[in-house]
Amino acid sequence: NDTYGHDAGDEVLKTLARESEKILRTSDYLYRVGGEEFLILLPKTNLIGAEIVAEKLRFAIESVDFPIVHKLTISLGVVEHLQSESLRQLMIRADKALYEAKNQGRNKVVTHQANKTQRTKMIEWHDEFNCGVSELDLQHQTLIQKGNELIELNGINAPKDQIDEILNQLYGLIESHFIYENTYLKVIAYPDAQSHAQIHSELLSKLRKYMKFYQSNKLSTSTYFSHIIDDIILNHMLEEDRKFFSYIPKSN
């Protein structure tokens, strides 16, 4: 506002809100709580999942060309609501994490954990995820297992080479899984097989782009694997894939 005027500041706030909504899900809530501060509530997400969403937001905003001012970055503080914790206590912890992110040089995500020893698995396998095709179920379970390994390594700040090894394994597993699934859906004459294959193609294209940025140190580890965990395993594999379950022949 001081440099470009209040009109420019208003446009930045509007653009920031629009770009954030592209990342957030319908179950999430975005509020402006004053000045240039926003509050995001993720009721269906644990701490690790919230970290991933925050990294996706940080990277997305960093890539935006804002009106008049062009490039801006954001800092984010991430907390998980504790049982019996008041809203005021929650906001104090969120503010603490936010200001720590700013003090670390901005364009950062900082998480405040009440108990740093508690790191829960982000993805759990449930019976309803089974489609009844043994090979597909095995592939899905393997992807979830590797995804959880990645989350755990990142949570304990494991060496980069260990994280890279799992990332490379996941890339190969995802690519081969999509090929197998595309073929199977054609065999059972799934009516949306073509559009499903197109979704696979778009997910892989984005994954290749993220991998290239990551390898050239232009993308953080968290942002790279958030596409794998959030977009591919959670949103696609555990939601989009379930749409074809009813078309699987009973003999499977």
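Two strands pair if DSSP finds at least two bridges between them; strands (E, at least two residues) and helices (H or I, at least four) are DSSP runs, numbered from the N terminus. The views below come from a predicted model, where local features need pLDDT of at least 70, side-chain atom pairs count only at pLDDT 80 or more, and totals for chains, interfaces and linings use all residues. Residues are numbered from 1 along each chain as its sequence is written, and side-chain values use heavy atoms, with hydrogens and water left out.

**View 1. Strands E1 and E2 form a hairpin.** E1 (residues 29-34) pairs with E2 (residues 37-41) in the antiparallel sense over 5 bridges. Look for Arg-32, which stands opposite Phe-38 in E2. The hairpin has 2 residues between the strands, and Gly-35 takes a positive phi near 55°.

**View 2. Val-33 sits in strand E1.** Is Val-33 partly exposed or buried? Val-33 counts as partly exposed because its relative accessibility is 45%, and buried means under 20%, exposed over 50%, partly exposed in between (1.4 Å probe, protein chains only).

**View 3. The largest nonpolar core has 34 residues.** A nonpolar core is a set of buried Ala, Val, Leu, Ile, Met, Phe, Trp, Tyr and Cys residues joined through side-chain atoms within 4.5 Å. Leu-167, Ile-174, Leu-207, Tyr-224 and Ile-233 have the most contacts inside this core. Among the elements giving two or more residues are helix H5 (160-187) and helix H7 (221-240); H7 gives the most, with 9 residues.

**View 4. A second, separate core has 16 residues.** Here you can find Leu-16, Phe-66, Val-69 and Leu-76, among others.
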